[in-house]
Amino acid sequence: MIEVKNVNFSYTKKPFIQNVSFSVEKGEILGFLGPSGAGKSTLQKILTGLIVTYEGNAIVNGVESRKHDNNFYEHIGVDFEFPSLYEKLTARENLNYFRSLYKKKGSSVDELLKMIGLSNDADKKVSAFSKGMKSRLNFIKALLHNPDILFLDEPTSGLDPTNARIMKDIILEQKKASKTIILTTHNMEDASELCDRVAFIVDGRIKALDTPHNLIMSKGASKVEYSYLNENNLEEKAECLLSDLKNDKKLIHLINTDRIISIHSSEPNLNDIFMDITGRVLC
Ligand SMILES: Nc1ncnc2c1ncn2[C@@H]1O[C@H](COP(=O)(O)OP(=O)(O)O)[C@@H](O)[C@H]1O
Ligand SMILES: [Mg+2]
């Protein structure tokens, strides 16, 4: 559904987006994970036809995005990072207006408002909405025409856990309905939970791209940490690699002498791997 080859782009004379290539299959969720300023939103703008001065190929639903026409937007839904809503209109009026711009119609405005938990606020002006309510309305706006491809820019950012959960469940429902989704986030829990594959983006480049599981396993030395009673009957802690468990003579001795108090294993998470691969923290 999406094929990107050797894309380069810069806002200035200095190179920024460099040699970006990837593809996304139908029904797949690809995550762009990276710190603020990495180029995630810029890449989404290229894919959604907002930036047309890129080099290389960014083919979305068979269309080179720089050459898109209005029909392009019948098939894609975009949830921009910053809400684009009419403040003086109510939530319902906003959705009715944007719905009228599409030939293809999806769920009714009432159904969409219900899905995102805004039924009771449907007739309030958007200017009276909180930041989270605007984010939710902006998100549901992307589904008005039941598009095949969704571009979601930081969809759960700034939402309380309950509303973030509602939104993540809708995203997973869309995946079940075979929608193709690219979402950007700097939240590694969201990336791990939602994405089939994740691209680590730093300084306009993709530094790694794989399933969360493979990314973790690529560096993933799972550790075993244990605590035990020493000769003086005081608690001490030690650790070894899971892969090296059978060679840990001390651990084996402690097990055989009943001196183990606790054992647990821990895998590195995507944050650890991100730092390991890119040398940067996610924030
Ligand atoms: N319209 C613009 N003109 C000039 N520079 C921009 C513009 N939009 C974004 N940038 C710069 O490009 C870089 C990447 O921004 P962005 O793609 O929004 O990153 P992210 O979404 O990963 O936080 C930032 O340094 C930002 O200041
Ligand atoms: Mg951004």
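Is Ser41 buried or exposed, going by its relative accessible area? Ser41 is buried, at 18%. Buried means under 20% relative accessible area, exposed over 50%, and partly exposed in between, with a 1.4 Å probe and protein chains only.

## Basis of the model

This is a predicted model: local features need pLDDT of at least 70, side-chain atom pairs count only at pLDDT 80 or more, and totals for chains, interfaces and linings use all residues. Residues are numbered from 1 along each chain as its sequence is written, chains are lettered from A and ligands numbered from 1 in the order in which they are written, and side-chain values use heavy atoms, with hydrogens and water left out.

Helices (H or I, at least four residues) and strands (E, at least two) are DSSP runs, numbered from the N terminus. Glu81 counts as partly exposed, at 35% relative accessibility.

Four strands form an open sheet in the order E2-E1-E4-E5, with antiparallel pairing. Two strands pair if DSSP finds at least two bridges between them. Strand E2 (17–24) and strand E5 (63–64) are the edge strands, each pairing on one side only. Strand E1 (residues 2–9) pairs with E2 over five bridges. Phe9 stands opposite Ile17 of E2.

H1 packs on this sheet and touches E1, E2 and strand E4 (55–60). Contact means heavy atoms within 4.5 Å. The direction of H1 makes about 120° with that of E1. Axes are lines fitted to C-alpha atoms, for helices over the stretch in contact, and angles run from 0 to 180 degrees between N-to-C directions.

Helix H5 (residues 131–141) is largely enclosed by the rest of the structure, because 10 of its 11 residues are buried. Among them are Lys134, Arg136 and Lys141. The cover includes E6, H3, helix H4 (109–115), strand E7 (149–153) and H6.

The axes of H5 and helix H6 (residues 161–176) come within 11 Å and cross at roughly 5°. H5 is therefore roughly parallel to H6; angles under 35 degrees count as roughly parallel, over 145 as roughly antiparallel, 65 to 115 as roughly perpendicular and the rest as oblique. H5 contributes Ser135, Arg136, Phe139 and Ile140 to the contact, and H6 contributes Asn163, Met167, Ile170 and Ile171. Five of these residues are nonpolar, two polar and one charged. Ala, Val, Leu, Ile, Met, Phe, Trp, Tyr, Cys and Pro count as nonpolar, Asp, Glu, Lys and Arg as charged, and the others, Gly among them, as polar.

## Hairpin E9–E10

Strand E9 (residues 197–202) pairs with strand E10 (residues 205–210) in the antiparallel sense, over five bridges. Val202 has Arg205 as its bridge partner. Two residues lie between the strands, and Asp203 takes a positive phi near 50°.

A second open sheet has the order E12-E11-E13, with antiparallel pairing. Strand E12 (235–241) and strand E13 (260–266) stand at the edges. Strand E11 (residues 223–229) pairs with E13 over six bridges, and Ser227 is the bridge partner of Ser262. Helix H9 (residues 249–256) lies across E11, E12 and E13, at about 45° to E11.
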